[in-house]
Amino acid sequence: GDHLTVRAIKRQIDGALGSHGAWLLQPYADMNTTGLAVESPDDIAETARVALETGFQLNTHAIGDRANREVLDIYERTFEAVGVGDPDTLRWRIEHAQHVHPDDVERFVDLGVIASMQGVHATSDAPWVFRRLGADRAESGAYLWRTFIDQGVVVTNGTDVPVEDISPIASFYASVVRQDRDGNDFFPGQRMTRMEALESYTINNAYAAFEEDLKGSITPGKLADLVVLDRDILTVPDVDLAATRVDMTVVGGDVRFERRP
């Protein structure tokens, strides 16, 4: 009934930046380690082969710049081995893509890889990103939403529950305001526009799930999965965005939730 589709495999190549577990090309600025690979790249490569042969999408958790490069290498070798003509049709993803070497951004485009990101991560992580990466690496490679979008990479958005709060409003706010909890800007040049952030949460996510013909926009013939908000998030001042509330939720054309006055 279009509520659950199983067509993807999830793998994880490294840990998290905060715990020094993200796999980096160079050592952390605040610890003599480059992080770690939590799953073998060779094992992930075998999963990639099986996924390609059986028509499954592959989505791999990668946070550090070394991890992202390794996953891109795995995807590229797999596509070349099988002779994939148009990788855009596969829509393979990298989950998080938090810290990417600038040289690897264009590879996302060339390989048709979706950057499955979470806007709220940047602003919740901001207080310690500089300590982990140092100023230069933080600016050139961390949470590159604008860079990805300008290069033509499909960027999707989410909340990464339970690591972050489930609220999509918080992630939308972080994507367009790009400030930490204390109101400090975090590389504001990487902000999304309001429309880009909305697309990252709607039609881009539908595309990433091969469901853009069913979901992702208010269009005749689609499933009518909608929310009604108490303000226009495309036009209200930044200061009013975070307080946005859901007035109504519609699933398949049926009202499933209404907020009481």
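The paragraphs below take up the sheet and then the helix packing.

The model is a predicted one. Its open sheet is built from five strands in the order S1-S2-S3-S4-S5, with parallel pairing. Strand S1 (8-12) and strand S5 (155-156) stand at the edges, and because each has a single partner strand, one side of each is left without a neighbour in the sheet. Helix H1, which spans residues 41-54, packs on this sheet and touches S1 and S2, and the direction of H1 makes about 170° with that of S1. Within the sheet, strand S2 (residues 57-62) pairs with strand S3 (residues 93-96) in the parallel sense over four bridges, and Thr60 stands opposite Ile94 in S3.

Helix H1 also packs against helix H2 (residues 65-82), with an angle of about 40° between them and their axes 10 Å apart. Angles under 35 degrees count as roughly parallel and those of 65 to 115 as roughly perpendicular; H1 and H2 are therefore oblique to each other. The crossing of these two helices, H1 and H2, is right-handed.

| Helix | Residues in the contact |
|---|---|
| H1 | Pro41, Ile44, Ala45, Ala48, Arg49, Leu52 |
| H2 | Glu70, Ile74, Thr78, Phe79, Val82 |

Sorted by class, the contact of H1 with H2 comprises eight nonpolar residues, one polar residue and two charged residues.

Conventions
Residues are numbered from 1 along each chain as its sequence is written. This is a predicted model: local features need pLDDT of at least 70, side-chain atom pairs count only at pLDDT 80 or more; totals for chains, interfaces and linings use all residues. Side-chain values use heavy atoms; hydrogens and water are left out. Two strands pair if DSSP finds at least two bridges between them. Contact means heavy atoms within 4.5 Å. Axes are lines fitted to C-alpha atoms, for helices over the stretch in contact, and angles run from 0 to 180 degrees between N-to-C directions. Angles under 35 degrees count as roughly parallel, over 145 as roughly antiparallel, 65 to 115 as roughly perpendicular and the rest as oblique. A crossing is left-handed if the near helix is turned anticlockwise from the far one by less than a right angle, and right-handed if clockwise. Ala, Val, Leu, Ile, Met, Phe, Trp, Tyr, Cys and Pro count as nonpolar, Asp, Glu, Lys and Arg as charged, and the others, Gly among them, as polar.
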